[in-house]
Amino acid sequence: MLELIQQEDWHGLTVYVAVRVAIVLICWVFLAMATFIDMYYGRKAAKAAGEGLRSRKYRRTFNKIGDYIRVMVFKLWLGDFIKIVF
């Protein structure tokens, strides 16, 4: 990336950044899809077992989303930190 900046290759830099942003967004979309699929099958299992649908279960699903987002942000931060140090 530094080479692109030094050579003032702005198009190359834009493509470089866009590809990385696209990869992160694709990961976030898969994360959201997996979480909602988990919620769907959790609801389906609760209905089959005759249990009531409780807001505590939905809260757990959204807590999972928050946990997954925190892990992804930490990974991005850690990856940048490692690149700077090494």
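**Surface patches and salt bridges of the predicted model**

Arg-54, Arg-56, Lys-57, Arg-59 and Arg-60 gather on the surface in a patch of positive charge, a patch being built from residues with over 30% relative accessible area and no salt bridge, with like charges joined within 9 Å and nonpolar side chains (Val, Leu, Ile, Met, Phe, Trp, Tyr) within 5 Å. The structure is a predicted model, in which local features need pLDDT of at least 70 and side-chain atom pairs count only at pLDDT 80 or more, whereas totals for chains, interfaces and linings use all residues. Residues are numbered from 1 along each chain as its sequence is written, and side-chain values use heavy atoms, with hydrogens and water left out.

Arg-60, one of the residues of the positive patch, lies in helix 3 (residues 55-85), helices being DSSP runs of H or I with at least four residues, numbered from the N terminus. With a relative accessibility of 53%, Arg-60 counts as exposed (buried means under 20% relative accessible area, exposed over 50%, and partly exposed in between, with a 1.4 Å probe and protein chains only). Thr-61, also placed in helix 3, is by contrast buried, at a relative accessible area of 6%; neighbours within four places in sequence aside, Thr-61 is in contact (heavy atoms within 4.5 Å) with Thr-35 and Met-39.

Two salt bridges were found in a search of the whole structure, the criterion being a side-chain nitrogen of Lys or Arg within 4 Å of a carboxyl oxygen of Asp or Glu. In one of them, Lys-64 pairs with Asp-38, with 2.5 Å between the closest N and O atoms; because Lys-64 lies in helix 3 and Asp-38 in helix 2 (residues 10-48), this pair ties together parts that are 26 residues apart in sequence. Lys-64 is partly exposed at 22% relative accessible area, as is Asp-38 at 35%. A salt bridge also joins the side chains of Asp-67 and Arg-70 (2.5 Å, N to O), both of which lie in helix 3, three residues apart, or about one turn of the helix. Here Asp-67 is partly exposed at 38% relative accessibility, while Arg-70 is exposed at 53%.

A nonpolar surface patch of about 740 Å² is formed by Ile-26, Val-29, Phe-30, Met-33, Ile-37, Tyr-40 and Tyr-41, with accessible areas taken from the Shrake-Rupley method with a 1.4 Å probe. Tyr-41 is placed in helix 2 and, at 48% relative accessibility, counts as partly exposed.

Notes. Lys and Arg count as positive and Asp and Glu as negative; His and the chain ends are not counted. The place of a charge is taken as NZ of Lys, CZ of Arg, CG of Asp or CD of Glu. Helices (H or I, at least four residues) and strands (E, at least two) are DSSP runs, numbered from the N terminus.
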